[in-house]
Amino acid sequence: MNSSSVNETLVSVEQNLRASSASLAKAITQATGLVAYDLQPGALKLYPVLTPLRNAIPRVAGNGGTATNWKAITGINTAALAIGLSEGNRAGVVTTATQSYTAAYKGLGLEDYVTFEADYAATGFDDVRNLAVEGLLRALMIGEERVLLGGNSSLALGQTPTPSPVSDVPTGGALSPNTQYSVICAAQTLDGYLNSTLASGLSAAVSRTNADGSVDTYG
């Protein structure tokens, strides 16, 4: 092919492109999906981590064993002796009350994992292994805060007051009118409240499947 034929071919292609430019402009629109995807780098952490009690309590390591033991002074001058003195005499001897305490160690923990495929797929976007460790630590902190707020293994729950009388209305609401219903109130622990719903009712026990396949039942 000589240079003249090449030039004629190029001119013909250019003319064809100009003729079809209007139809191409109409065919490629925003609706076709040929647009940029504006993905901000890094996952935004949009969850609260409110653990004031856990943050205020010092972290003290144990010295082995299955429990920690300590002595406490629970009262001074328990007989409330008067502090007045007579001339030449000594004062009364106070009585100091002490008490021995013990608390068994309990394990607290959660688990998470990242697959190789997930780690590879997140390349260039975020460090999913770092996020897994960070999220796991914060989840444990939130769980520890709940234990501090609602951990109760010895105190009995109080008795709820008698519900006020209720009456139905002719319209509105989700209950059937002119139907007798039983209204019952029950005191719950914090865990009981968090594991109960209106749909399933009170949760008497919770079964949790662990990472190793074992099952723990509590509540």
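Predicted model: local features only at pLDDT ≥ 70, side-chain atom pairs only at ≥ 80, totals over all residues.
Reader: In which sense do strand S3 and strand S4 pair, and over how many bridges?

Author: Strand S3, residues 206-209, and strand S4, residues 215-218, pair in the antiparallel sense, over 4 bridges. Threonine 209 stands opposite valine 215 in S4, and arginine 208 has aspartate 216 of S4 as its bridge partner.

Reader: Which residue in the hairpin of S3 and S4 takes a positive phi?

Author: Glycine 213 takes a positive phi, near 95 degrees, in this hairpin, which has 5 residues between the strands.

Reader: If I step back to the protein chain, how many helices and strands does it have, and what pattern do they follow?

Author: The protein chain has 5 helices and 4 strands, and, read along the sequence, they follow the pattern α-α-β-β-α-α-α-β-β.

Reader: How should I read the radius of gyration of the protein chain, and what would a compact globule of 219 residues have?

Author: The radius of gyration is taken over C-alpha atoms. For a compact globule of 219 residues the value would be near 17 Å, but the protein chain has 36 Å. Taken along the principal axes, the box filled by the C-alpha atoms is roughly 135 × 65 × 45 Å, and 6% of the 219 residues count as buried. As an example of a separation within the chain, serine 5 and serine 153 lie 148 residues apart in sequence, and their C-alpha atoms are separated by 95 Å. Serine 5 belongs to helix H1, residues 3-27, and is partly exposed because its relative accessible area is 27%, a value in between the limits of 20% for buried and 50% for exposed.

Reader: How many aromatic pairs does the structure hold, and what describes such a pair?

Author: A pair of aromatic rings is described by the distance of the centres and the angle of the planes. The structure holds 2 aromatic pairs. One of them joins tryptophan 70 and tyrosine 101, with 5.7 Å from centre to centre and 10 degrees between the planes, and is stacked. This pair links distant parts of the chain, with tryptophan 70 in strand S1 (residues 67-76) and tyrosine 101, 31 residues apart from it, in strand S2 (residues 96-104). Tryptophan 70 counts as partly exposed because its relative accessibility is 40%, and tyrosine 101 is partly exposed because its relative accessible area is 36%.

Reader: Why is the pair of phenylalanine 116 and tyrosine 120 stacked?

Author: The ring centres of phenylalanine 116 and tyrosine 120 are 6.3 Å apart and the planes stand at 20 degrees, so this pair is stacked, given that planes under 30 degrees apart count as such. Both residues lie in helix H3, residues 116-121, and because they are 4 residues apart, about one helical turn separates them. Phenylalanine 116 counts as exposed because its relative accessibility is 62%, and tyrosine 120 counts as exposed at a relative accessibility of 62%.

Reader: Which residues make the nonpolar surface patch, and where is leucine 148 found?

Author: The patch, of about 340 Å², is made by Leu53, Ile57, Leu148 and Leu149. Leucine 148 is found in helix H4, residues 128-150, and counts as partly exposed because its relative accessibility is 36%, while a residue needs over 30% relative accessible area to belong to a patch.

Notes
Residues numbered from 1 in each chain as written. Heavy atoms only, no water. Patch = residues over 30% accessible without salt bridge, like charges linked within 9 Å, V, L, I, M, F, W, Y side chains within 5 Å. Areas by Shrake-Rupley, 256 points an atom, 1.4 Å probe, with all protein chains shown as cover. Salt bridge = Lys/Arg side-chain N within 4 Å of Asp/Glu carboxyl O. Helix = DSSP H or I, 4+ residues; strand = E, 2+ residues; numbered from the N terminus. Buried < 20%, exposed > 50% of the residue type's maximum accessible area, 1.4 Å probe, protein only. Phe/Tyr/Trp six-rings, centres within 6.5 Å; stacked < 30°, edge-to-face > 60°. Pairing = 2+ DSSP bridges. Rg over C-alpha atoms; globule rule 2.2 N^0.38 Å.
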